[in-house]
Amino acid sequence: MSAEKPATRRISTFLIAIILITVVLAVAALSVGIQAYPEGDWLLYLLIGFSSLALSTYMLAQTRRRTPRVVFKPYKIATTIACPKCGFKNIREFERGDYIFKENVGACPKCEEKMTIASIYREADEEDKD
Amino acid sequence: MVIPQVSQGLLGGDNIIGWILQIVWLLFFVVFMFYGQRIQLWILLRELQSSLLRLKLIRDEGRKMALSTIKEIGKPQGDPTEQVDRFLEYVTFPPETMDPAGVVWKLEHILDVRDVRFKDEVKLMAPEADDSQTRNLANTLEAALALNVIYKVIRHFYELGKKTLSYFIILQVQMVLPLIMREAKAYASALRAFTYGQPIGDGAGALVAAKLMNKHRKRKIAKEMVVAKVPIEGRTAYVLKADGPGGNIGKPGEAMKQIIEENKGKISTIIAIDAAQKLEGETPGDVAEGVGVAIGGPGIERYKVEESVLKHKIPVNAVIIKEDIGDAVSPMRKEIFDAADVAIERIKRILLERTKKGDSVIIAGIGNTTGIGQ
């Protein structure tokens, strides 16, 4: 696990060159358009200049290294504690050390009997609804 | 004024813009003719690259989680990082199959050695952990190891594809990548479940057995298995499952073989309950019935049962609870928990239909028993 190669390489220099050339051409087209104003093909040059600039910006945005984030979404886990005598039930959040059929997890508030963990399950979330 | 010029240019009109556009079109044509596949390769490699980054993050997060749990529960004297990293590089060599006779026992031996070695390593890393926590930590590390293996295999194909620029090497990884990413995410969920000792979907069979044997006297049988003699519908049922609540699958095949021998083969039927892979479109928690030995894994335990039932001509029934790989290794869904009661009703019906009063039967709950007592 120690000295291992990075997962991926940086952005390709070839792509950077293409983007740079597009930007240079776009700036050239824009300057020709501005110089030609108000006669000749000024609008056409401006149009080409702006669209090339937009295209190169889009390409740059696409190649930008976005660090993907990985979040281990914690599930909502419910523990149901039940009284074996009177059937009283209490649902609470899962705590480390809980397991199904664990006994003596507190006294029943109704009959003082020792309660047992009856169930542990993951509560349904949006992802589960398939 | 402008619109006609643009259209003239696009259609190859006789002006400078038209010339430029024609040259651009020609360039595009030539580039795609000679470098079309190369461009496709770049696109595939970029997709692979982004998945690889994500896999690396999942793997690193898993390693971090395993390390922090070991530190929290095991309270080691020194820093366990080096030991954990060594563990994540662990390899197991399957036995040689050129002469397949006896390969089951060879595989069993190798897996036993692996199991003992894993637990010993965990005990060294986490000296303060009790038996149940040791088993959960071993499972946590196994999930982290699986994530490491997935990452390294995909990285191997990515690097190989980049070096050789072989379309087919890259394409075959790209085709299975969605399934691999799904599996990696499932292992990531499993890590959290194991660190907290929560019941997982794979434990559905063990849950059914636990519900049946709860409040009955249990005894240990085979390796890390428990059995209870439970009267159900006038029959004597030997209900067995792996010893919980620590993460454990035990040796159900060995346990069933022992019970059959104890009863001199006089077992009317065997019912094995296990979680099984659902197909897309099926509902998780659906219960289905069938025949055969419903025991997953490398096949050793299934082989043992098949040998015994063949010798004594015992019918074998299966009750399966359907779930996908993600559900199998992540905390148990409510639908799967509720399916345990449906499975119990099915078992009772099978007993009534296929056995007589006073018969002895075996009911085996298969699966990882993490977070499930008995």
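Strand E7 (residues 360–365) of chain B is largely enclosed by the rest of the structure, because six of its six residues are buried (under 20% relative accessible area, with a 1.4 Å probe and protein chains only). Strands here are DSSP runs of E, at least two residues long, numbered from the N terminus. Keep in mind that this is a predicted model: local features need pLDDT of at least 70, side-chain atom pairs count only at pLDDT 80 or more, and totals for chains, interfaces and linings use all residues. Residues are numbered from 1 along each chain as its sequence is written, chains are lettered from A in the order in which they are written, and side-chain values use heavy atoms, leaving out hydrogens and water.

**Strand E7 of chain B and its partners**
- Both faces of E7(B) are covered, with B:Ser360, B:Ile362 and B:Ala364 buried on one side and B:Val361, B:Ile363 and B:Gly365 buried on the other.
- Strand E3 (residues 235–242) of chain B pairs with E7(B) in the parallel sense over five bridges; pairing takes at least two DSSP bridges.
- Across that pair, B:Leu240 sits opposite B:Ala364.
- Strand E4 (residues 269–277) of chain B also runs parallel to E7(B), over five bridges, and B:Thr269 has B:Val361 as its bridge partner.

**A look at B:Ile273**
- B:Ile273 belongs to strand E4 of chain B and is buried, at a relative accessible area of 0%.
- Not counting residues up to four places away in sequence, B:Ile273 touches a set of residues including B:Val208, B:Ile321, B:Ile363 and B:Ala364; contact means heavy atoms within 4.5 Å.

Methods
Buried < 20%, exposed > 50% of the residue type's maximum accessible area, 1.4 Å probe, protein only. Helix = DSSP H or I, 4+ residues; strand = E, 2+ residues; numbered from the N terminus.
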